[in-house]
Amino acid sequence: MLPPVLEELKRGGVPLANVRVVTALGVHRPMTAPELAQRIGRNGLDGLHWENHDCDDPARLVHVGTTQRGTPVWVNRTVAESDVVVSIGCIEPHVIASFGGGYKNLIPGAAGRATIAHNHALNCSPGTFAMAGQPIERNPMRLDIEEAGRMLSPKVFIANAVLDSAQRIVAVVAGDPVTAHRAGARTSAGLYGVALRQPADVVIANSHPMDQDLRQGVKALANTLCAMRPGGVHITLVRAAEGVGVFGLAGRRMPFGRGALRFLAPALLRLVPRLRLQGIGEEDRFFLYFALQAMRRGRLLLSAPTVPVQVRGALPFVEFVESPDEAIVQAQRRFPGHARVVVFPHGGITYPILA
């Protein structure tokens, strides 16, 4: 989508030399030049100035204020000091933010780690820990994002695509980062919200198209958890082509096993918003909260062949299985007779709408 945006800027009198491309990485790893060239499309990086956003470099961040919910808003300096910001991205269901896109490409995409951590933690509550596809107006984290985005000095214009499961563009919305985004969210909801009469005994969710790593792949669990009835079995299949990814919870072994965690979960859930998380990033506070809530709901089986054994031991919230077949056998043991089963082939971007 960038080439036509550049062409529009050129027609408006903006020379290419005045354009800066900033990757909206949040806390994710830097992109390489070949990766960015592939993402940008034809002509690659010819004549373009670009930079990877770094959420941990104070010299490259600017403080623009604090939101009403207490989020300190640190933003990429290049973005904050621009005349105009054109945010290019996608609108898909998102477990914390209801939907991706809009101001989310800037907060957390081009924000500092402290901003990301506080904003994510806003949804550490029983009513907001699973927000995929839920109304934005009832989502504290998304409303906080939009308040933070409006603090930026430059005018922000979005060009956001809604993609199908094969990553083909279905629709594009452009303009105001709130009103245009709402239109795109409605399109995305019509594409990926699946009506269910009632929760199922067994849910099978494939991570596609969020296949890059474990951190992305667990969106299939997060998006579809509510499709499983309490006491049910959830089977998540994660391709994780790059292994674990930037996933702090996977880098530190929990002091409790699965049984103890399940017993202690009610008390820990009340403490998570205030815990000092040694050894993992503050932004992983939400993931810890979600994992505790999820394991309380039912049995979580996860097949991710590329994830090392030592990492599996650091994630007692789920039970790793060696193959999808093994997971099916485990589910059959839990429900030896008739079981209601729901399958999400594109669990990374699909969510249930329960009657």
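Buried means under 20% relative accessible area, exposed means over 50%, and partly exposed lies in between, with a 1.4 Å probe and protein chains only as cover. This is a predicted model, in which local features need pLDDT of at least 70, side-chain atom pairs count only at pLDDT 80 or more, and totals for chains, interfaces and linings use all residues. Residues are numbered from 1 along each chain as its sequence is written, and side-chain values use heavy atoms, leaving out hydrogens and water.

Start with the cysteines. Cys55 counts as buried because its relative accessibility is 7%. Cys90 has 32% relative accessibility, so Cys90 counts as partly exposed. A disulfide is a covalent bond between the sulfur atoms of two cysteines. The test for one is a pair of cysteine sulfur atoms within 2.5 Å. Searching the whole structure turns up 0 disulfides. Cys55 is in none, and the nearest cysteine sulfur, that of Cys124, is 18 Å away.

Next comes helix α4, residues 113–121. Helices (H or I, at least four residues) and strands (E, at least two) are DSSP runs, numbered from the N terminus. Thr115, Ile116, Ala117, Asn119 and His120 are buried in α4. The buried residues of this helix pack against β4 (72–76), α5 and α10 (285–297).

Helix α5 spans residues 140–149 and holds Asp144. Which side chain of opposite charge is nearest to Asp144? It is that of Arg69, 4.7 Å away. Asp144 is buried yet has no salt bridge. A salt bridge needs a side-chain nitrogen of Lys or Arg within 4 Å of a carboxyl oxygen of Asp or Glu. For charge, Lys and Arg count as positive and Asp and Glu as negative, while His and the chain ends are not counted. Contact means heavy atoms within 4.5 Å. Beyond its neighbours within four places in sequence, Asp144 is in contact with Thr67, Arg69, Thr71, Asn119 and Leu122.

Now move to Ala227, in the loop between α8 (219–224) and β12 (228–237). Ala227 counts as buried because its relative accessibility is 0%. Setting aside neighbours within four places in sequence, the contacts of Ala227 are Leu196, Pro199, Ala200, Val203, Phe344 and Pro352.

Finish on strand β9 (residues 169–175), where Val172 is found. Val172 is partly exposed because its relative accessible area is 47%.
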